[in-house]
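Reader: I would like to go through this structure with you. Could we take it one topic at a time?
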Amino acid sequence: MILSVVYIIIGLILLVFGGNWLEKGSVNLARHFGVSNLVVGLVITSLATSSPELFVNITSAINGHTDLALANVIGSNNVNILIVLGISGLIFPITIDKTARRRDLPLSLIFTLLLLLLANDFFVAQQQPTLLSRFDGIIFLIIIVAYIIFTIKTTPDDNIGGGGAEINIGRAIILVVIGVAALVGGSNLMLDGSIEVASHLGVSEKIIGLTIVAVGTSLPELATSIISSYHGNADLAMGNIIGSNIYNILLILGISCVATPIEYNPSFNVELLLLTLATTLLMIFASARHHHIGRKQGVLLLATYVAYIIYTI
């Protein structure tokens, strides 16, 4: 138990430093290549910070822990919006970029609904048990490739890498690589320690996945978003969260399903409906006059997650 607590502490330290290095490297890469912060957040940073989910999911799916694999993705997406953006909004207000408002948030909602429909075999004759098949995984992977190409081609370069000292491209790449390594290592330590502690308390696999694992694998997003917002790169923080949620559904679940079909527990419909609600809340915030997530919005997001945890328990 003591060793598990040590893992958690070391993991948290690595996450903080890793998030800082990844954010600084990503912003400077944006400067060198003339790419907007939003694209960097949606493509580079979100893919990097989703790597813990990918590792956990493939391992879980191959070992037959399908509840853990699904809970990790769905739970992480809910945590990203309700906790990560909630906490970030409490600390530093996050303005929602016009492109994110009009393109990426609606697409995130559409992909969530697509997962809900495919998981419940809406388009085919229902079978027992319901499955996310290899064909479903291929569909997700085709969509994510199209999304990345579409994102790069259609995002305006109206905010080119603001904030942070200018560094050469070699150092920027090294910072990104080291940052990702620290985030993955920190997440794994955090997960190992947390799961060990939870197991001692006799908590179920689904609850572990939806809470401990989901929060643990979302810590990179939390660290990166807070650090990005602190440095004045709110669009990088928002792009990181939206992109991470999209990658979790399309890429992480896509690869997991191709590796092995995942049996879908219909009880996860509650979490998918919560994710639909959370994404809709973001769209409402984006449509408001100030287009931002501030303290009031942050409190509402956190309160929603607390209410869900109380309902679940």
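Reader: Is Asn-78 buried or exposed?
Author: Asn-78 is buried, with a relative accessible area of 2%; buried means under 20% relative accessible area, exposed over 50% and partly exposed in between, with a 1.4 Å probe and protein chains only. This is a predicted model, in which local features need pLDDT of at least 70, side-chain atom pairs count only at pLDDT 80 or more, and totals for chains, interfaces and linings use all residues. Residues are numbered from 1 along each chain as its sequence is written, and side-chain values use heavy atoms, with hydrogens and water left out.

Reader: Where is Asn-78 found, and what does Asn-78 touch?
Author: Asn-78 is found in helix H4 (residues 66-91); helices (H or I, at least four residues) and strands (E, at least two) are DSSP runs, numbered from the N terminus. Not counting residues up to four places away in sequence, Asn-78 touches Ile-83, Glu-271, Leu-274 and Leu-275, where contact means heavy atoms within 4.5 Å.

Reader: At what angle do H4 and H10 pack?
Author: The angle between H4 and H10 is about 35°, and their axes are 9 Å apart. Axes are lines fitted to C-alpha atoms, for helices over the stretch in contact, and angles run from 0 to 180 degrees between N-to-C directions. On the H4 side, the contact is made by Ile-74, Asn-77, Asn-78, Ile-81, Leu-82 and Leu-85; H10 contributes Glu-271, Leu-272, Leu-274, Leu-275, Ala-278, Thr-279 and Leu-282.

Reader: Which residues of H10 are buried?
Author: Among them are Asn-269, Glu-271, Leu-272, Leu-274 and Phe-285. H10 has 19 residues and reaches 27 Å from its first C-alpha to its last, close to the 27 Å expected at 1.5 Å a residue; the expected span is 1.5 Å times one less than the number of residues.

Reader: How do H5 and H10 cross?
Author: The axes of H5 (residues 98-119) and H10 (residues 269-287) come within 10 Å and cross at roughly 165°. H5 and H10 are therefore roughly antiparallel to each other; angles under 35 degrees count as roughly parallel, over 145 as roughly antiparallel, 65 to 115 as roughly perpendicular and the rest as oblique. Residues of H5 that meet H10 include Arg-101, Leu-105 and Leu-116.

Reader: And H10 with H11, at what angle do their axes cross?
Author: Their axes cross at roughly 170° and come within 11 Å, H11 being residues 295-312. H10 and H11 are therefore roughly antiparallel to each other. Val-270, Glu-271, Leu-274, Leu-277, Leu-281 and Phe-285 of H10 make the contact with Gln-297, Leu-300, Leu-301, Thr-304, Tyr-308 and Tyr-311 of H11.

Reader: Changing topic: which residues of H6 are buried?
Author: In H6, Asp-136, Gly-137, Phe-140, Ile-144, Tyr-147 and Thr-151 are buried. Seen down the axis of H6, these buried residues fall within an arc of 95°, so they line one face of the helix; the arc is that of the directions from the helix axis to the C-beta atoms.

Reader: Which exposed residues are on the face turned away?
Author: That face of H6 carries the exposed residues Phe-135, Ile-142 and Lys-153.

Reader: What about Val-56, buried or exposed?
Author: Val-56 is buried, with a relative accessible area of 10%, and lies in helix H3 (residues 51-62). The C-alpha atoms of Val-56 and Asn-188 are separated by 8.6 Å, although these residues are 132 apart along the chain.

Reader: Lastly, how many helices and strands are in the protein?
Author: The protein has 11 helices and four strands. Of its 313 residues, 53% count as buried.
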